[in-house]
Each structure stands twice: as C-alpha cells, then as structure tokens.
Amino acid sequence: MKTGLKGINRASVAATVTLTAGAVLAGGAFASTAQAAAPPTPTIAAKGGFVMNSGTAKTLYGKAADTRRSTGSTTKIMTAKVVLAQKNLNLDAKVTVQKAYSDYIVNNTASSARLIVGDKVTVRQLLYGLMLPSGCDAAYALADKFGSGSTRAARVKSFIGKMNASAKSLGLKNTRFDSFDGIGSGSNYSTPRDLTKIAGSAMKNSTFRAIVKTKSTKHKVTTKSGGYRYMSWSNTNPLLGSYSGAIGVKTGSGPSAKYCLVFAATRNGKTVIGTVLTSTSATTRTSDAKKLLDYAFKK
C-alpha cells in the first residue's frame, strides 16, 4: 500500500510540475504577444511633439510637449478661433481690402491670400484665405475687422488681446501671442500641448472644421468697380488627400519656428489631434505628423 501511495504522490507531483511549467510557458507566450502588440514609440525630427485623443483628451504621445517655441503660422488657428467666437457673427458680412494689408505682405515677405485692394470680401472668404494659403493679409483684415478701437493699430492690439484672453480661458500657461499671424516681435510662442488644445477647441466649431479640411476652393468676390472676380486658394496642409482620414489643421513656418504642423485625423470613429514644432523641413514635418498619427491610431 505504501508503495502504491508513493507512486501516486510521485505521479501527482510530476503532473503538477508539468502543469505549472505549461502555465508559466503559456503565460510567457501571452506576455510576449501583448508586448509585441504595443506599437514602438516613433522617433521624430521635430524638437517638440504632442498627440491626444480628441474625444477623451488622453495624451497619446509627448516630446518636449511643454517647451515654449515659436509657432509660425499655426498662430492663425487662434486667429480663426477668435473670429468664430464673436457674438452674432455674420460670416457673409463684407470687408473692404485696404492698402495696409497689401503693404504688410510686401514689407514682411509674408504668405498671402493675394487679396486685391478695393475688393469686397466676406468674413467667410477671409477665413478660407487665412487657413488655406495661410494669408497674412487675410489675418490682418480679420484683426482690423474684429478688434476694437478708433485706429487700425488700436484694433489690431485689441484683437491680439482677445487671442491671449482666449488662451487664458483654455487654461494655457505656456502660450502668448504678439501678432495675428505669427509674424511678431519675438514674443509669440506656444507649446505642442497648448497648440493641440487650441486646435481641439477650434475643431468644435463646424465652420472651422469645414474650412480646414478643404483642399482647394474658389470664391466669387466683388471688385472695387462693382464687378466680380474669382479667388482660388489651395490648402498648404499636405496631409489632406495623402493621409487616410486627415481632417486638418494648419501648417506653419518661420526663421525661428522652422517647420510646424498641427494635424488631425479620424479613423473608425476615433479622432486624434496633435502638433509638431520646429521640424527640419516641410517634408519632415509631414513625415513626423504621419508617424505620430499612425502611432496614435494603434494605441
């Protein structure tokens, strides 16, 4: 009897060891599979980057996300946001293009919507001219229209004040604007995280969403003589049409800003939004953005 019991015990122990070893191996396999499923963190050329889930505000990626940097024309996201936040906004209200807007473009060698002095354009058209070809003349016209004051300088100062007030209302502590278009006096800055939050807030507006996802557009404007002409604008955002699900948002560049891109895309009901600042070229900022979007959609 003793021998039988010992045999049974030995068999039981052997079976237990075998089962335990199998469980450990299986557990290891599951762990390896789970680990392999996690997407590798991308390497980007930009000095700063940030991506979040637009719906949940969950951070999906960050690189120097809170370091202040020059923003270039991505500043115009806030310009548009401030305009669209005006009470009783009439998007079809006409604005006469002033010589000051044209002179500003020439003096600063700035990107232009090619507005023609004397033409009457609508606020809606100015927003397209602002966001697609990144028109600094359109930005000036909007600041002049929606700022307060008896002089153009006062109105522009007032409008920039509204931009900063909007940033403050979003709780952003690392953002400051000293211009309506990103061409400032060196005190125009934000961070990848802050810019992403600004864009996320702007994207809640249906007019803004419609504009920034537009690849190209043509608008009929009234000339000084009372006739009309057509203005055609193409979007500077290369993600539109080249990245599946891309819905915006805005490019930017400048001597200190280098190359920037605020981007957003939607796939399978999930919208992600992000920013890359101070990338090395127009090509690399696009590549950086695509890497971060791919990564965000896998997380």
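At what angle do helix 3 and helix 5 pack, and how far apart are their axes? Before answering, I noted that this is a predicted model, where local features need pLDDT of at least 70 and side-chain atom pairs count only at pLDDT 80 or more, while totals for chains, interfaces and linings use all residues. I also noted that residues are numbered from 1 along each chain as its sequence is written, and that side-chain values use heavy atoms, with hydrogens and water left out.

**Entry 1: helix 3 and helix 5**

I found that helix 3 (residues 99–108) and helix 5 pack at an angle of about 140 degrees, with axes 9 Å apart. Helices here are DSSP runs of H or I with at least four residues, strands are E runs of at least two, and both are numbered from the N terminus. The axes are lines fitted to C-alpha atoms, for helices over the stretch in contact, and angles run from 0 to 180 degrees between N-to-C directions. That angle makes helix 3 oblique to helix 5 (under 35 degrees is roughly parallel, over 145 roughly antiparallel, 65 to 115 roughly perpendicular, and the rest oblique).

I then listed who makes the contact (heavy atoms within 4.5 Å). Helix 3 brings Ala100, Tyr101, Tyr104 and Ile105, and helix 5 brings Cys136, Asp137, Tyr140, Ala141 and Asp144. By class, I got 7 nonpolar, no polar and 2 charged residues. In this count Ala, Val, Leu, Ile, Met, Phe, Trp, Tyr, Cys and Pro are nonpolar, Asp, Glu, Lys and Arg are charged, and the others, Gly among them, are polar.

**Entry 2: helix 4 and helix 5**

Next I turned to helix 4 (residues 123–131), which packs with helix 5 at about 140 degrees, their axes 8 Å apart. Helix 4 and helix 5 are therefore oblique to each other. I saw Val123, Leu126, Leu127, Gly129 and Leu130 of helix 4 meeting Ala138, Ala139, Ala141, Leu142 and Phe146 of helix 5. This contact has 9 nonpolar, 1 polar and no charged residues.

**Entry 3: the cores**

I looked up the largest nonpolar core and found 61 residues in it. Such a core is a set of buried Ala, Val, Leu, Ile, Met, Phe, Trp, Tyr and Cys residues joined through side-chain atoms within 4.5 Å. Buried means under 20% relative accessible area, exposed over 50%, and partly exposed in between (1.4 Å probe, protein chains only). Those with the most contacts inside the core include Val123, Leu127, Phe208 and Val249. Helix 5 gives the most to this core, with 8 residues. A second, separate core has 20 residues, among them Leu60 and Phe297.

Val249 sits in strand 9 (residues 246–254), and a cis peptide bond with omega of about 15 degrees joins Gly248 to Val249.

Why is helix 7 (residues 192–202) largely enclosed by the rest of the structure? I noted that 9 of its 11 residues are buried, so that is the reason.

Arg114, in the loop between helix 3 and strand 5 (120–122), is partly exposed at 46% relative accessible area. Arg114 also has a positive phi of about 60 degrees, although it is not a glycine.
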